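Hi everyone, thanks for coming. I'd like to take a few minutes to walk you through a structure, so please have a look at it with me.

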Amino acid sequence: MPVKKAEHPFYEKLSLVLVGLIALGYLVILAKEILDPLIFGFLFAILLLPIATFFEKKLRFPRTLSSLFAIITLLAFIAGIVYLVGSQIGSLTSDWPLLKTQVGQSLKNLSEWVQDALHINAHKQMAYLEDTSKKIMDSGGAVVGETFGAVSSLMLFYVFILIFTFLILLYRALLIRFIEWVFSEENAAVVHDIVENIQSILRQYILGLLLEMFVVACLACTFFFFIGIKYAVLLGIIVALFNVIPYLGIFTALLLSSVITFATGSIRDAALVAGSVLLIHVVDSNFLLPTIVGSKVKLNALVTFLGIVLGEMIWGLSGMFLSIPMLAILKIIFDRVESLKPWGYLLGSGHEDKKAIIKKMKPATEDKT
């Protein structure tokens, strides 16, 4: 008589899963300093893999040199963007006297409005501003120290990303063989399929994101030139860069572009810029994002938004950037592991073929008959 396996109750399984997730989340927070640049390096390595392969196979470079030249290509691309933004900021600083006059006039108008609407006279307003500025100046040394520390940490973070990217490109064959070797031989085909799909889909996602940024920048610059904004190129680049952060980036781009326009123009110009940013966001969300960035992995908006919020809670700004690629990797894995397919469906857009879902839900005994 066969011995029946003891089944654990659902609440016991759920408790174990929750404890495991909490422990994993705590470890991820503790290991942020090493995992954060490592994951960014992994994404950049996937993006640069075709370039490194080109240098290695077409130009007959050794793997060390091909990986190094791929990194140099990435740095040249970033340097071009930094130069473009820096030249625009340089022209912005050259107009500093005009900006100072405009801001002074705006503050004067704001002071008059506060005096009329809230009945707070100019003397009280100036006393409050002087008190606030004194506190800021008193803590100026600490602010400068913290800023220097933050910039130093950021530069070190970028250096670690480049080092990890280079090492992952250099030892990519070893890493792939290790991943395939860890699992049993009967799962080798599934593991290989997961690795290939992760590389392909994440590369499509990153390239699609870059193309989307370029299109958004072109649209924003065109709108701003048409309105007659002085720093149209700078504002267009700002809108495109912050557009990378889903849902939340648009508000930051809207605020920055409106404030810069108000400081260099008028309230009417700022309102037109804000309307243009919102219009571009509508076009991007409904047309560009599904067409350009829409890859084989389709994540629904609920899971995406939750992932962004959790990413920000765990790792801050970098967590927001990494949330979607990490969810995409999880969905690829879930879709190819039989016991995890319901979770893959939960992460998806829900447009999966109904017949395929019904077939998955059929008992295994039906397939044998």
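**How confident is the model?**

This is a predicted model, so let me begin with confidence: the mean pLDDT of the protein is 76, and 72% of its residues reach 70 or more. Which elements sit at the two ends of that scale? Helix 2, residues 32-57, has the highest mean pLDDT of the elements, at 90, while helix 16, residues 364-368, has the lowest, at 45.

Please be careful with two stretches.

**The overall picture**

How many helices and strands are there? The secondary structure comes to 16 helices and zero strands. Of the 369 residues in the protein, 32% are buried. If you take the contacts with a separation of 6 or more, 67% of them are between residues 24 or more positions apart. As for the surface, the protein exposes about 24500 Å², and 73% of that comes from carbon and sulfur atoms.

Now to the charged side chains. Side chains of opposite charge can pair when their charged atoms come close. With a cut-off of 4 Å between the side-chain nitrogen and the carboxyl oxygen, the count comes to seven salt bridges. I'll show you some of them.

Start with Asp 36 and Lys 32, whose side chains meet in a salt bridge at 3.4 Å, N to O. Asp 36 is buried, with a relative accessible area of 2%, whereas Lys 32 counts as partly exposed at 25%.

Further along, look for Glu 56. Its side chain forms a salt bridge with Arg 63 at 3.1 Å, N to O, and Arg 63 is partly exposed, with a relative accessible area of 27%. Glu 56 also meets the side chain of Arg 172 in a salt bridge, at 2.7 Å, N to O. Because Glu 56 lies in helix 2 and Arg 172 in helix 7, this pair ties together parts that are 116 residues apart in sequence. Is Arg 172 buried or exposed? At 13% relative accessibility, Arg 172 counts as buried. Salt bridges with shared partners join Glu 56, Arg 63 and Arg 172 into one network.

Let's stop in the loop between helix 2 and helix 3 (63-94), which is the place of Arg 60. Most residues other than glycine have a negative phi. Arg 60 is not a glycine, yet its phi is positive, at about 60°. With 70% relative accessibility, Arg 60 counts as exposed.

Next, find Val 85 in helix 3. What does Val 85 touch, not counting residues up to four places away in sequence? The answer is Leu 234 and Ile 237. Val 85 and Ile 237 are 152 residues apart in sequence, but their C-alpha atoms are 7.5 Å apart in space. Val 85 has 18% relative accessibility, so it counts as buried, the cut-off being under 20%.

The other one is Ser 323, in helix 13 (residues 317-336). Ser 323 also counts as buried, at 7% relative accessibility. A polar atom of the Ser 323 side chain lies 2.9 Å from the backbone oxygen of Met 320. Beyond its neighbours within four places in sequence, Ser 323 is in contact with Gly 307 and Ile 308.

**A nonpolar patch on the surface**

Last stop. Which residues form the nonpolar patch on the surface? They are Leu 156, Val 159, Phe 160, Ile 163, Leu 167, Tyr 171, Leu 174 and Leu 175, with about 700 Å² of accessible area together. Helix 6 (140-170) and helix 7 (172-182) are the elements that give two or more residues to this patch. Helix 6 gives the most, with five residues. Phe 160, for one, lies in helix 6, and Phe 160 is partly exposed, with a relative accessible area of 39%.

That's my tour, and I'm happy to go back to any of these places with you.

Terms used
Residues numbered from 1 in each chain as written. Predicted model: local features only at pLDDT ≥ 70, side-chain atom pairs only at ≥ 80, totals over all residues. Heavy atoms only, no water. pLDDT = per-residue confidence, 0-100. Helix = DSSP H or I, 4+ residues; strand = E, 2+ residues; numbered from the N terminus. Buried < 20%, exposed > 50% of the residue type's maximum accessible area, 1.4 Å probe, protein only. Polar contact = N/O pair within 3.5 Å; in protein donor to acceptor, adjacent residues only side chain to side chain. Contact = heavy atoms within 4.5 Å. Patch = residues over 30% accessible without salt bridge, like charges linked within 9 Å, V, L, I, M, F, W, Y side chains within 5 Å. Areas by Shrake-Rupley, 256 points an atom, 1.4 Å probe, with all protein chains shown as cover.
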